[in-house]
Amino acid sequence: MASQMANIPALKELQGQLTTRMKKAVEDFRGSLLAARTGRASVHMLDSIRVDYYGSEMPINQLAQVTTPEAQLIVVQPFDQGTVQLIEKAIRTSGQGFNPMHDGKVIRVPIPPMTEDRRKDAVKHLAATLEDHKTSIRNIRRDGNDTIRKAAKDKLISADDEKRATEETQQMTDAEIKVLEDMFKVKEKELMTV
């Protein structure tokens, strides 16, 4: 689809900003999907967990190498052996239901199989995350429409240009929301498959 806004000098920059912001929202949702717990181990399952390391909150992947040697196991190998207990405590208290074990050098995090209730809860949580991201994209659309209206009010663009730009912003919004919904459907199917 050729951009109408890109041909209007007053809106050329706006079109790029809207596209960038909407793509960021989609990428953030993609990250949420990767971190979602299925029944299989994934290094992304620990992405949201922060470790208190010398007074600052650090993500685990900056303190250790995280791997999944088996489908039901995550292995965390800290770069500094002194952080083994800190990392284990952070994983245990994360509220994700993990029960990590360590031998002083390596932390093993077994991934229990998902029950039907856990699967439904995970889908419900992802649905709420999907709604948050859809709202974010709609807010981006609103910001774009406000800018378009202001440009029309300041006589930088014509009424026809305003109408076309508003329609294009809506098409961009619809396209990005469809991408989010499609990603959600794939993940939902993956979660509900036993």
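**View 1. A cavity and the residues around it.** On a 1 Å grid over the protein atoms alone, a cavity is a set of points where a 1.4 Å probe fits but cannot get out, and its lining residues have an atom within 4 Å of a point. This is a predicted model, in which local features need pLDDT of at least 70 and side-chain atom pairs count only at pLDDT 80 or more, while totals for chains, interfaces and linings use all residues. Residues are numbered from 1 along each chain as its sequence is written, and side-chain values use heavy atoms, leaving out hydrogens and water. Look here for Val43, Leu46, Asp47, Ile60, Asn61 and Val66, which line the largest cavity. Its volume is about 30 Å³, where volume means the space filled by probe spheres set on the points, with grid points joined across faces, edges and corners. The lining has 4 nonpolar, 1 polar and 1 charged residues (Ala, Val, Leu, Ile, Met, Phe, Trp, Tyr, Cys and Pro count as nonpolar, Asp, Glu, Lys and Arg as charged, and the others, Gly among them, as polar).

**View 2. Helix H1 beside helix H3.** Helices here are DSSP runs of H or I with at least four residues, numbered from the N terminus. H1 (residues 12–35) and H3 (residues 116–153) pack at an angle of about 175°, with their axes 10 Å apart (axes are lines fitted to C-alpha atoms, for helices over the stretch in contact, and angles run from 0 to 180 degrees between N-to-C directions). That makes H1 roughly antiparallel to H3, a label for angles over 145 degrees, while those under 35 count as roughly parallel. Contact means heavy atoms within 4.5 Å; among the residues that meet are Leu14, Leu18 and Phe29 in H1 and Leu126, Ile137 and Ile148 in H3.

**View 3. Helix H1 beside helix H4.** The axes of H1 and H4 (residues 159–192) come within 11 Å and cross at roughly 10°. The two helices are therefore roughly parallel to each other. Where they meet, you can find residues including Gln15, Met22 and Arg30 in H1 and Glu168, Met172 and Lys187 in H4. This contact divides into 10 nonpolar, 4 polar and 5 charged residues.

**View 4. Helix H3 beside helix H4.** Here the axes come within 10 Å and cross at roughly 170°. H3 and H4 are therefore roughly antiparallel to each other. Their contact holds 14 nonpolar, 6 polar and 12 charged residues.

Conventions. Angles under 35 degrees count as roughly parallel, over 145 as roughly antiparallel, 65 to 115 as roughly perpendicular and the rest as oblique. On a 1 Å grid over the protein atoms alone, a cavity is a set of points where a 1.4 Å probe fits but cannot get out, and a pocket is an open set with protein on both sides within 12 Å along at least five of seven lines; lining residues have an atom within 4 Å of a point.
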